[in-house]
Structure formats: C-alpha cells, structure tokens
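Dear colleague,

Please find below the structure that I promised to pass on.

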Amino acid sequence: LPPGRQPPAVNFSSSSVSIDRNRECSYNIVTMDSNGALEKLLKSFESYYNINTSEVEAPFVAEAIFNSHNEQYFLVQAAKLADIDSNEFVFFYSHHNHKPDSCDEALSAEKVSEVTRIAWERGLSRVNPYYGHRNSDVTVIFLSDKISDESFKKIKKLNLYKSYKFGLYGWSGFRALAYETSTGRAVTNRRGSDLKKLVASL
C-alpha cells in the first residue's frame with residue numbers, strides 16, 4: 001500500500017453472500033465465498049490502485065497495480081534533486097476457481113510455491129530500475145476454502161528480495177497473504193504483516 005497508509009479492514013459479513021443450500025457440492029459455496037472475498041478485497045484497493053479483472057493471465061483472477069512518482073527539489077523548484085518511483089504489483093489467486101472438479105482439495109504447499117514463483121517472475125519483468133527507482137514490490141493474495149497447515153507454514157517463511165545496482169537503482173520485495181474463507185484464518189509473511197488488516201473483520 002502507499003507509504004504511510006494502512007490497508008482498510010474488510011468486513012466479510014455472511015449476509016453479503018447468497019448460498020444455495022440445495023447444491024450438492026461445497027464447491028458452489030466455496031466459489032461464492034471466495035468471489036465475495038475477492039470482490040471486497042478489490043474494493044479496498046480501488047482508491048489507490050489500478051484494478052484489472054479482465055484479460056488477467058492465469059493462474060491469477062485479478063491484479064491491482066500501484067504507481068507513484070514523486071519529485072524532490074532543492075529550496076527552489078527549478079533545481080530538481082531526484083525522481084522517486086514506487087510501485088507495487090498485487091496478484092490475486094483464488095484456488096477453487098482453478099479446481100472445479102475437486103471442491104474439497106486444500107491449497108497445497110506445492111501450489112503455493114508454484115504461484116509464488118510465477119508472481120515473482122511476472123512482477124520483476126515489469127520493473128524498470130534506474131537512478132530514480134525506489135522500489136517495485138510484488139504481492140500475492142491467496143484465497144481458498146481450505147489451506148493446508150504446510151501451506152500456512154510455507155507462506156510465513158516466504159522471503160524474496162532483489163536489489164538493482166546494489167540498491168542504487170532500488171529494490172523489489174515480496175509480500176504474501178493467505179486467507180482461508182471457510183474458517184477466517186489468515187497468515188502473512190514477514191514483509192506482508194500489514195496485509196492482515198485487509199481481512200481483520202469477519
């Protein structure tokens with residue numbers, strides 16, 4: 001999120017989700033819960049991020065992109081000191097949108113690794129490091145009805161970082177949030193600790 005700003009809490013109230021109790025497979029309930037969570041999360045990003053939900057490349061269902069360009073000057077504006085670019089690429093992954101035939105399957109540690117790798121590579125491919133670049137961070141938000149304990153442990157330990165020209169051209173860090181829609185459990189890695197506020201209110 002933009003420096004100095006805390007992510008808004010999102011209220012995942014049960015009244016906002018319509019569930020067909022006659023459906024035989026819990027996947028139908030999961031899909032609506034996950035989609036409802038995704039919709040509310042995207043709304044919380046709308047003020048400062050550009051949201052993309054169409055033509056999003058798999059395995060993601062949505063993206064949110066933040067770009068900030070500031071200029072620093074000496075005492076007189078005519079003497080410009082530096083450009084400062086700060087960016088964030090947020091990728092949303094909804095597990096059961098990709099598993100329609102296995103509605104009881106939990107998000108596995110292997111899938112976490114795969115999605116993390118894709119997001120990190122895709123995010124870094126968009127970075128333009130130069131003297132005025134401060135940071136371009138990559139964030140993944142995992143949504144799933146069930147998340148394995150191994151996946152929770154793995155997400156907590158995720159630690160990806162890249163510097164450009166020994167930091168002279170900025171850096172990229174990785175943040176992750178996993179939210180289990182059936183229980184409300186949420187974990188983040190160390191860099192993403194502030195993301196928990198996005199799903200603090202159930």
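In what follows, a residue is called buried under 20% relative accessible area, exposed over 50%, and partly exposed in between, with a 1.4 Å probe and protein chains only. Please keep in mind that this is a predicted model, in which local features need pLDDT of at least 70 and side-chain atom pairs count only at pLDDT 80 or more, while totals for chains, interfaces and linings use all residues. Residues are numbered from 1 along each chain as its sequence is written, and side-chain values use heavy atoms, with hydrogens and water left out.

I begin with the backbone. Most residues other than glycine have a negative phi, and most peptide bonds are trans. In the loop between β5 (161-163) and β6, Lys165 has a positive phi near 55°, and with 53% relative accessibility this lysine counts as exposed. Phe166, which lies in the loop between β5 and β6, has a positive phi of about 60° and is likewise exposed, at 85% relative accessibility. The peptide bond from Ala58 to Pro59 is cis, with omega near 10°, and Pro59 belongs to the loop between β1 (50-52) and β2 (62-73). Helices (H or I, at least four residues) and strands (E, at least two) are DSSP runs, numbered from the N terminus.

Next come the salt bridges, each defined as a side-chain nitrogen of Lys or Arg within 4 Å of a carboxyl oxygen of Asp or Glu. By this rule there are eight salt bridges. One of them joins Glu88 to Arg175, with the closest N and O atoms 2.7 Å apart; this pair links distant parts of the chain, since Glu88 is in strand β3 and Arg175 in strand β6, 87 residues apart. Glu88 is buried at 4% relative accessibility, and Arg175 is buried at 10%. Together with Asp194, Glu88 and Arg175 are linked in a network of salt bridges. Another salt bridge brings Arg185 and Glu180 together (3.1 Å, N to O), where Arg185 is partly exposed at 37% but Glu180 is buried at 5%.

Finally, there is the nonpolar core, meaning a set of buried Ala, Val, Leu, Ile, Met, Phe, Trp, Tyr and Cys residues joined through side-chain atoms within 4.5 Å. The largest one has 24 residues, and those touching the most other members include Phe60, Phe91 and Phe142. Helix α2 (109-124) is among the elements that each supply at least two residues of this core, and α2 gives the most, with five residues.

With best wishes
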